[in-house]
Amino acid sequence: MVTELVIQALSRLRQQKPLVLNITNYVVMNNTANALLAIGASPIMAHSKQEMAEMLSFSGALVINIGTLDSVWISRMLFAVEQANIHEKIVVLDPVGCGASTLRTETARQIAQRADKLIIRGNASEIIALAGEQAQSKGVDALDRSDAALGAANFLVKEYKANVVISGETDYVVSKNSTVMLNNGHAMMPYVTGMGCTLTALTGAFAAIGEETGIAAAAVLGVAGEIAAEHARGPGSLQINLLDALYQLDATTLSQRLKSEFQSEIKDVASL
Amino acid sequence: MVTELVIQALSRLRQQKPLVLNITNYVVMNNTANALLAIGASPIMAHSKQEMAEMLSFSGALVINIGTLDSVWISRMLFAVEQANIHEKIVVLDPVGCGASTLRTETARQIAQRADKLIIRGNASEIIALAGEQAQSKGVDALDRSDAALGAANFLVKEYKANVVISGETDYVVSKNSTVMLNNGHAMMPYVTGMGCTLTALTGAFAAIGEETGIAAAAVLGVAGEIAAEHARGPGSLQINLLDALYQLDATTLSQRLKSEFQSEIKDVASL
Amino acid sequence: MVTELVIQALSRLRQQKPLVLNITNYVVMNNTANALLAIGASPIMAHSKQEMAEMLSFSGALVINIGTLDSVWISRMLFAVEQANIHEKIVVLDPVGCGASTLRTETARQIAQRADKLIIRGNASEIIALAGEQAQSKGVDALDRSDAALGAANFLVKEYKANVVISGETDYVVSKNSTVMLNNGHAMMPYVTGMGCTLTALTGAFAAIGEETGIAAAAVLGVAGEIAAEHARGPGSLQINLLDALYQLDATTLSQRLKSEFQSEIKDVASL
């Protein structure tokens with residue numbers, strides 16, 4: 001069922017070539033633009049308030065990534081979220097480094113609070129930090145394991161009416177009614193900068209064509225990353241192979257490789 | 001004749017290793033610096049007004065690319081154009097996203113108006129938007145075809161005393177007395193971000209050694225892109241192969257591959 | 001002796017995975033983050049004053065690169081140096097373009113003056129410009145040769161109590177008591193943008209685990225670059241191969257390839 005959803009979403013994305021507006025960090029702008037092009041979407045990188053309303057009127061989704069943050073960019077991000085709300089566009093938030101500084105944690109929360117339609121994509125420690133103290137009480141030792149952030153993700157789903165993607169060795173895609181586990185990817189992927197940011201950008205591309213869970217993006221990146229790593233001699237060639245693999249990805253490959261598991265039960269977050 | 005011009009220009013570029021000053025967008029800074037190095041030029045990325053006069057005193061050309069625009073950078077761009085005029089350096093303008101927002105259209109026109117010596121490099125829709133309403137009346141369906149922008153390009157040649165390069169499946173290099181068509185390149189090239197920006201940067205490198213039509217840059221990128229695509233498994237390897245191909249490009253390869261056509265007639269723009 | 005130092009430092013780096021805080025230029029942010037990940041360190045790219053104290057409290061070193069400078073970033077850099085001093089962290093300075101503009105020369109000197117613990121990494125002309133008129137009197141013809149900057153480097157060692165790395169065909173690692181020459185690398189490396197910036201970032205990673213001379217970083221990049229170039233068809237594949245080579249680098253390869261020479265005599269700088 002997950003595989004079918006992903007295959008259909010990818011097919012629709014390539015037909016519609018959605019425009020995705022990105023306000024992202026300096027480090028990954030090139031990568032994420034290339035990943036969006038490789039999968040079949042159309043990236044726009046723009047940040048000026050003077051053109052944000054126009055740009056969001058014809059974009060399919062807004063991706064906000066706080067990787068290289070400062071007060072000027074925060075103001076632009078919050079303004080863009082307002083415009084996304086006015087134009088009823090979904091916001092995909094990447095809370096990079098959330099928990100590493102007060103600035104990042106507070107900014108991520110402000111963005112999450114203000115977006116009317118929201119998907120959050122982060123790693124375990126970012127999701128836990130975004131959810132706040134309750135979740136952190138589970139202990140720092142588990143921060144590298146994405147399942148350690150499941151409680152926090154469910155809290156965010158409820159608090160912000162968001163869908164949440166926790167990326168890690170296993171990706172968890174958490175929404176109000178379900179949790180889906182995706183088990184593709186490769187251990188070398190974290191050695192390429194901005195792999196999570198790429199997932200966030202792809203999540204924006206799929207959201208722009210109506211796949212708002214985050215499942216398709218995580219599935220597509222996991223499978224493409226796995227293929228890329230098989231032929232890589234290190235993180236340099238992995239990064240390049242990944243763009244090639246995203247470009248070549250098709251239904252047959254997805255059917256053969258996608259490893260997903262559907263958890264139908266709703267997590268109880270009352271105890272958090 | 002075109003082939004000879006390109007071969008001689010490339011030879012001169014590699015001898016002179018011209019310095020090219022770039023005020024460009026965050027997405028492509030790395031790519032365009034690498035393309036300039038690969039072809040044999042010397043990139044400088046600088047934007048502060050405090051060093052612009054000094055930098056332009058010893059640079060061979062100024063490249064301005066409005067891909068990630070805001071009011072702070074607009075002010076820097078206009079100041080740099082002033083300095084380029086004072087030091088009698090050519091300005092190469094890339095009006096990225098011209099037509100997509102009022103900010104971009106107006107900024108591109110301001111830069112075009114103020115530069116004393118100007119080359120404009122854009123895709124069909126950017127060139128049409130820069131030229132204004134008259135050209136746009138040709139209809140939006142044709143926007144993806146570079147020949148649809150020929151009228152607009154001729155208008156810009158006259159209006160700004162500029163040379164104009166329209167890039168697309170066929171590249172058109174339009175100047176006061178001639179239009180040259182270049183038919184190299186590959187359909188996969190638009191799947192790499194900043195391919196047009198790379199052409200703009202290379203145009204600056206050739207302008208710095210006195211080839212101010214834009215022909216050599218378009219020819220060199222078209223041939224190198226074609227070679228790069230032949231060995232590419234997707235846009236990731238295409239981007240890397242392109243730098244290798246620019247680095248390896250020689251007279252023999254250019255002679256064998258370059259497909260150009262010379263249109264001697266001057267376009268009538270009175271009817272625009 | 002040098003080889004052993006490098007092997008031990010690399011082993012320690014991979015065990016400790018040090019956090020390296022980078023305030024660097026837009027052109028190389030992606031490259032340097034990837035190089036840090038490939039060698040086994042953990043990059044943080046952050047520049048806001050609002051999070052600098054927090055970020056430096058848990059980072060192992062601060063890398064400052066002035067490649068794309070303006071007054072806003074200068075202020076951030078100087079603030080970060082203050083915070084690095086407070087948290088007793090080493091500062092690694094890359095004076096990109098020092099000498100090409102007054103802004104760069106003065107900013108580089110300000111940073112050098114203020115940092116309590118300092119390593120400087122530049123090419124010959126940057127090191128000579130940073131040292132000032134005395135050194136420059138040796139003549140500009142020699143600027144491309146790193147040995148022409150030895151006097152300047154010794155001056156900087158004394159003036160700022162810094163260790164200095166001059167990179168070039170031969171790298172010179174100059175400290176109070178010794179000068180080490182490293183003879184790896186490849187002639188194609190300068191055709192990739194930001195190769196020096198990568199060396200600076202790696203210098204920060206090794207400084208963060210206590211190797212504060214700069215030897216290990218220069219050795220590791222020289223050997224990896226050499227390996228990368230052997231399989232490269234041009235600067236595109238060189239850049240990618242380099243990340244793969246950094247990732248795969250091991251003690252055996254270092255033992256076999258590293259070419260170093262130890263100069264025990266202290267340079268006389270009185271005559272400068």
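Reply: Let us begin with a definition: a salt bridge is a side-chain nitrogen of Lys or Arg within 4 Å of a carboxyl oxygen of Asp or Glu. Side chains of opposite charge can pair when their charged atoms come close. Here, B:Glu51 forms a salt bridge with C:Arg104, and the closest N and O atoms are 2.7 Å apart. Please note that this is a predicted model, in which local features need pLDDT of at least 70 and side-chain atom pairs count only at pLDDT 80 or more, while totals for chains, interfaces and linings use all residues. Residues are numbered from 1 along each chain as its sequence is written, chains are lettered from A and ligands numbered from 1 in the order in which they are written, and side-chain values use heavy atoms, with hydrogens and water left out.

Me: How many salt bridges does the count come to over all chains?

Reply: The count over all chains is 21 salt bridges. Between chain C and chain B there are three, and between chain A and chain B there are three. In one of them, B:Arg233 pairs with A:Asp244, with the closest N and O atoms 3.5 Å apart. A:Arg233 also meets C:Asp244 in a salt bridge, at 3.5 Å from N to O. That pair crosses between chains: A:Arg233 lies in the loop between α10 (215-230) and α11 (235-248) of chain A, and C:Asp244 lies in helix α11 (residues 235-248) of chain C. As to these labels, helices (H or I, at least four residues) and strands (E, at least two) are DSSP runs, numbered from the N terminus.

Me: What area is buried between chain A and chain B?

Reply: Buried area is the accessible area (1.4 Å probe) that two parts lose on being put together, summed over both. Between chain A and chain B this is about 2100 Å², with carbon and sulfur atoms giving 55%. In chain A, the residues that lose the most area to chain B are A:Asn30, A:Asp244 and A:Tyr247, together 23% of what that side buries. Counted by contact (heavy atoms within 4.5 Å), 25 residues of chain A touch 26 residues of chain B.

Me: At what angle do helix α1 and helix α10 of chain C pack?

Reply: Axes are lines fitted to C-alpha atoms, for helices over the stretch in contact, and angles run from 0 to 180 degrees between N-to-C directions. Helix α1 (residues 2-16) and helix α10 (residues 215-230) of chain C pack at about 90°, with axes 9 Å apart. Angles under 35 degrees count as roughly parallel, over 145 as roughly antiparallel, 65 to 115 as roughly perpendicular and the rest as oblique. The two helices, α1(C) and α10(C), are therefore roughly perpendicular to each other. C:Val2, C:Leu5, C:Val6 and C:Ala9 of α1(C) meet C:Ile215, C:Ala216, C:Ala219 and C:Val220 of α10(C).

Me: How do helix α4 and helix α5 of chain B pack?

Reply: Helix α4 (residues 71-86) and helix α5 (residues 102-114) of chain B pack at about 15°, their axes 9 Å apart. That makes α4(B) roughly parallel to α5(B).
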